[in-house]
Amino acid sequence: MARIAILLADRCHPKECQWECQAYCPPVRMGQECIVEGPIGKPIISETLCIGCGICVHKCPFDAIKILNTPEADESEIVHRYGYNGFRLYRLPTVPKHGITGLLGPNGTGKSTALRILAGQEVANLGDYAAPGAWAKVMERYRGTQLHEHFRRIASGELRVASKPQYVDRLADEGGTVGEFVGGSPAETERRIEEVGLGPKRERPLAELSGGELQLAAIARCLATPADLYLFDEPSSYLDIVHRLTVARLLRRLGEERSVVVVEHDLALLDYLADTAHLVYGEEAAFGVISHPIPMRAAINTYLAGYLKDENVRFRTEPVRFVAHPPKLPPRGNSIVEFDALAKSYGAFELSVAPGLLARGETVGVVGPNATGKTTFVKMLAGAERPTSGVAPAGVTVSYKPQYLKATGSGSLRDRVEALRAEPGFDASLFERELVPGLRLDGLLDVALTDLSGGELQRSAVALALARPATLYLLDEPSAYLDADERMAMAKLIRRQTERLAATALVVDHDVYFLDLASDALMVFSHPDGDPTRGAGAGPFPMREGMNRLLAGLSVTFRRDAETRRPRINREGSVLDREQRASGEYYYEGAA
Ligand code: ADP
Ligand code: ADP
Ligand code: MG
């Protein structure tokens with residue numbers, strides 16, 4: 001096994017440090033040029049001279065260096081490499097003529113890179129980062145494989161590709177209206193805009209859309225583009241549970257005729273959507289290896305088990321376990337917060353929430369479509385919005401993680417945690433003992449918050465919210481930007497912390513696996529009579545009742561996987577689907 005030295009260029013600030021990496025490097029001190037200044041003033045770390053001592057990793061004040069061993073994958077399998085101390089991708093997914101292929105793996109392991117390479121938007125450099133990628137070399141490498149024909153057709157323009165990029169928030173800058181953006185033939189555009197549910201927003205400028213609406217517009221555009229291969233990079237981001245299902249059904253239909261590749265972290269959705277999946281493993285920002293294709297059910301079961309036998313790779317030390325039966329509710333006498341009927345009127349929107357009771361040690365999932373008032377309810381409890389009628393509970397200390405995060409000013413997570421020390425009841429050891437390992441924060445503590453990726457910022461924000469002493473924790477969409485692994489780890493952590501602190505947590509989210517693993521009970525929000533100008537919230541309900549209320553509204557049922565007990569979306573109209581609808585059991589099997 002060879003060594004990989006990675007420099008996280010965004011985090012490296014060579015003018016603000018003492019070049020500790022170089023100063024403390026043992027080979028450098030012996031007179032060898034192991035770490036030298038590169039052409040852009042940042043260090044270059046020699047992978048041949050590096051002895052793997054890890055001193056530079058620990059000395060770097062910005063956590064900008066990673067030293068690790070290369071994966072099991074062979075060096076000859078390298079597909080793309082971004083620079084000498086940059087990320088490297090091993091192997092590519094296969095692209096069948098039709099059907100849906102999923103890519104499932106951690107953030108920063110090259111999934112988007114793989115899609116761009118398949119699409120021909122980036123020509124694979126095969127590890128030769130100094131030279132631009134060349135089609136002739138790519139053809140030579142893949143001779144005799146299915147990818148040879150794929151790249152030949154891509155290079156000649158014979159294979160048409162449509163792609164939905166990962167970062168849809170950037171599309172707002174493109175200008176124009178939804179209708180203009182979606183493009184395509186008038187009939188096709190019209191049909192796709194209607195299908196994704198953007199009909200009423202057709203004439204709206206992109207700049208006025210919410211994140212979820214931009215996502216839907218990007219998906220409609222991709223669907224409206226005539227192509228042979230369709231690539232969707234994280235289509236569920238910003239979407240609520242209703243739109244996730246709508247999009248899943250649209251993609252399934254597309255996959256009956258075309259080839260579709262999807263990167264997705266919502267496991268219930270990916271499971272329903274795709275026929276096969278490639279697991280992607282590796283080390284964030286350092287390397288990624290794409291596994292051979294695995295039938296969908298086995299792919300997710302393997303992922304949850306955490307061990308890929310054929311390639312002898314372990315993703316995780318502990319398997320993720322689901323329970324088939326709803327959790328028992330804590331005794332109601334244990335309440336810490338009781339709230340009145342609360343109403344909020346914004347003029348164009350009226351919200352009413354039925355009275356409820358939050359119990360000690362309980363994590364409550366808050367579910368329902370977008371714009372039904374979930375955030376408004378949470379803000380009323382937090383004291384950030386005043387109810388129009390009803391009184392928010394008094395004397396409750398609240399710790400709140402808002403839905404939209406923005407890193408501002410200077411400072412790192414460690415600085416923010418230091419500032420909490422002044423708060424009465426703050427337990428620094430709890431942060432270090434539980435939150436740092438549970439949310440994998442050790443490599444992030446000293447990075448400026450503004451240099452963090454979306455997922456890293458989310459993990460930091462949740463850690464800060466949970467570190468603050470409070471009786472009520474409000475976490476608005478904590479799974480956004482996280483990969484599937486991080487979601488499951490976070491779900492377990494939130495639940496454990498809530499129990500340990502004997503507090504209550506309200507968690508607004510749209511990912512069913514995340515909600516299943518995190519929640520003891522559910523609050524359900526909806527538009528009464530489908531009226532978008534009104535919202536209604538009720539609960540907390542026991543999990544079974546909450547899931548039944550939510551899923552009846554969405555017209556979807558789940559069955560249990562025989563091996564892992566994980567929930568799986570039923571095919572519409574299947575025997576189980578019809579039986580479960582008839583008996584009103586949308587989520588848990590059998591009688592109570
Ligand atoms: P994923 O989609 O799995 O999250 P990406 O393919 O976006 O991963 O990126 C993998 C890694 O490659 C990232 O962590 C980043 O460090 C690096 N990377 C991506 N694009 C570039 C680029 N254009 N130049 C240099 N490095 C890049
Ligand atoms: P959810 O969290 O379920 O997506 P929100 O509570 O964010 O729902 O919003 C519910 C409705 O209230 C939306 O139609 C939104 O546009 C409206 N709304 C939210 N905040 C305000 C505000 N400050 N002023 C006016 N309307 C608002
Ligand atoms: Mg990506």
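User: How far apart do the C-alpha centres of domain 1 and domain 4 lie?

Analyst: This is a predicted model, in which local features need pLDDT of at least 70 and side-chain atom pairs count only at pLDDT 80 or more, while totals for chains, interfaces and linings use all residues. Residues are numbered from 1 along each chain as its sequence is written, chains are lettered from A and ligands numbered from 1 in the order in which they are written, and side-chain values use heavy atoms, with hydrogens and water left out. Domain bounds come from an automatic or database domain assignment. Here they give domain 1 (2–70), domain 2 (75–160 + 227–314), domain 3 (334–542) and domain 4 (555–592). The C-alpha centres of domain 1 and domain 4 are 53 Å apart.

User: Which residues are around ligand 1?

Analyst: A residue is near a molecule if one of its heavy atoms lies within 4 Å of it. For ligand 1 these residues include Tyr82, Phe87, Lys111, Arg116 and Ala285. The shell divides into 4 nonpolar, 6 polar and 2 charged residues; Ala, Val, Leu, Ile, Met, Phe, Trp, Tyr, Cys and Pro count as nonpolar, Asp, Glu, Lys and Arg as charged, and the others, Gly among them, as polar.

User: Which atom of lysine 111 lies 2.7 Å from an oxygen atom of ligand 1?

Analyst: A polar contact to a ligand is a pair of N or O atoms within 3.5 Å. For lysine 111 it is an N or O atom in the side chain. Glycine 108 uses a backbone N or O atom, at 2.7 Å from a ligand 1 oxygen, and glycine 110 a polar backbone atom, at 3.0 Å. The protein buries 64% of the 560 Å² that ligand 1 exposes when taken alone, by the Shrake-Rupley method with a 1.4 Å probe.

User: Is the peptide bond from glycine 539 to proline 540 cis or trans?

Analyst: Most residues other than glycine have a negative phi, and most peptide bonds are trans. The bond from glycine 539 to proline 540 is cis, with omega near 0°. Glutamate 234, for its part, has a positive phi, near 55°.

How values were computed. A polar contact is a pair of N or O atoms within 3.5 Å; within protein, one must be able to donate a hydrogen and the other to accept it, and residues adjacent in sequence count only if both atoms are side-chain atoms.
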